[in-house]
Amino acid sequence: MKIGLRIDVDTFRGTRYGVPNLCKILADYSVMASFFFSVGPDNMGRHLWRLIRPTFFRKMLRTRASSLYGWDILFKGTFWPGPVIGEKLGHIIRSVSDVGHEVGLHAWDHHAWQAHIDTMDSDAIHRSLNKGVELLTRILGRPPTCSAVPGWKCNDLVLMEKAKFPFGYNSDCRGESIFRPVVGGNELSQPQIPVTLPTYDEVIGHNGVSNSNYNDYTLSLIKPDRLNILTIHAEVEGIICLEMFDRFVKIAQSKGASFAPLGTLLAGSSPIRRATIVANKIHGRDGWVSCQAPCKVCK
Ligand SMILES: [Zn+2]
């Protein structure tokens, strides 16, 4: 039973504290994973403005966002420009790559992408991707081989712009199988590896799921006969839920599961199906996310 392990790093704090914490756990259990870094300014504090939206406010209360992320994250970039994560913490990002984990681009500006993707044109999308790729290339000494948009907010323009970068695959949506995205009837060459399992903040506090049974709940969703891709966050599993994640890896391995970077799952996935990406609502998450959809054009 294989679990593709994806680690999203959204903030300065997550990079500085969460990433080294997670690297230690992964080393203890001899696990390799995929890290997706946000390398530009940390403006996540601008999320504060979303407090005025009632669904987001309820989610904050339900997940105790201040303890998940820390007040410093919630305010970062609100009253002053956020620090450029990759400039200050490039050594941490490089160290992740040096020990053999897969490293990809999450975002230049995580907050700006989530807030403005609906109105960004091709040029704006390209500029954002390019700034992230350039800084990550400087940090790693080579271009990143994969990418994953923030908040699963992807559209056809994003897919077309990503095709101009040397990514071996992207992980931009939720879904059930590895597929090649179809845009305007054309199949793009970069495969999508969708996330198949819910994230911590999507399920905690719902349907009786709490910290005491979260690991068992997530393990119950992992099936040997299907694609299993789990996303964790450096800010959550790497800091506030660190011990719980340590137990998760231990229990999963004791049940015979093995963890792998997403890119290694491409090899055993042929033939790769085609599908489109559509905006959808999913349980526990505010706003729309991109989802794999059956491809009407090619079926
Ligand atoms: Zn993210």
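Student: What does Arg274 count as at 39% relative accessibility?

Tutor: Arg274 counts as partly exposed at 39%, since buried stands for under 20% relative accessible area, exposed for over 50% and partly exposed for what lies in between, with a 1.4 Å probe and protein chains only. This is a predicted model, in which local features need pLDDT of at least 70 and side-chain atom pairs count only at pLDDT 80 or more, while totals for chains, interfaces and linings use all residues. Residues are numbered from 1 along each chain as its sequence is written, and side-chain values use heavy atoms, with hydrogens and water left out.

Student: Which side chain does Arg274 meet in a salt bridge?

Tutor: Side chains of opposite charge can pair when their charged atoms come close. A salt bridge here is a side-chain nitrogen of Lys or Arg within 4 Å of a carboxyl oxygen of Asp or Glu, and Arg274 meets Glu187 in this way at 2.4 Å, N to O. The pair links distant parts of the chain, 87 residues apart, with Glu187 in strand β7 (residues 186-187) and Arg274 in strand β10 (residues 273-280); such strands are DSSP runs of E with at least two residues, and helices are runs of H or I with at least four, numbered from the N terminus.

Student: How many salt bridges does a search of the whole structure find?

Tutor: The search finds ten. Among them, Arg138 and Glu87 meet at 3.9 Å, N to O; because Arg138 lies in helix α7 (residues 122-140) and Glu87 in helix α5 (residues 85-98), this pair ties together parts that are 51 residues apart in sequence. Arg138 is exposed, with a relative accessible area of 58%. Another salt bridge joins Arg285 to Asp201 at 3.3 Å, N to O, and, as Arg285 sits in the loop between β10 and β11 (289-294) while Asp201 belongs to helix α9 (residues 200-203), parts 84 residues apart in sequence are tied together. Both Arg285 and Asp201 are buried, and salt bridges that share partners join Arg174, Asp201, Glu202 and Arg285 into one network.

Student: Which residues coordinate the zinc ion?

Tutor: Donors are N, O and S atoms within 2.8 Å of the metal (3.2 Å for Na, K and Ca), and sites may look incomplete because water is not among the atoms. Here Asp10 (OD), His106 (NE2) and His110 (NE2) coordinate the zinc ion at 2.1 to 2.2 Å, with a spacing in sequence of D-x95-H-x3-H. Asp10 lies in the loop between β1 (2-9) and α1 (12-28) and His110 in helix α6 (residues 110-116), so the pair ties together parts that are 100 residues apart in sequence. Asp10 is buried, with a relative accessible area of 5%, and His110 likewise counts as buried at 5%.

Student: How many helices and strands does the protein have?

Tutor: The protein has twelve helices and eleven strands, and 58% of its 299 residues count as buried.
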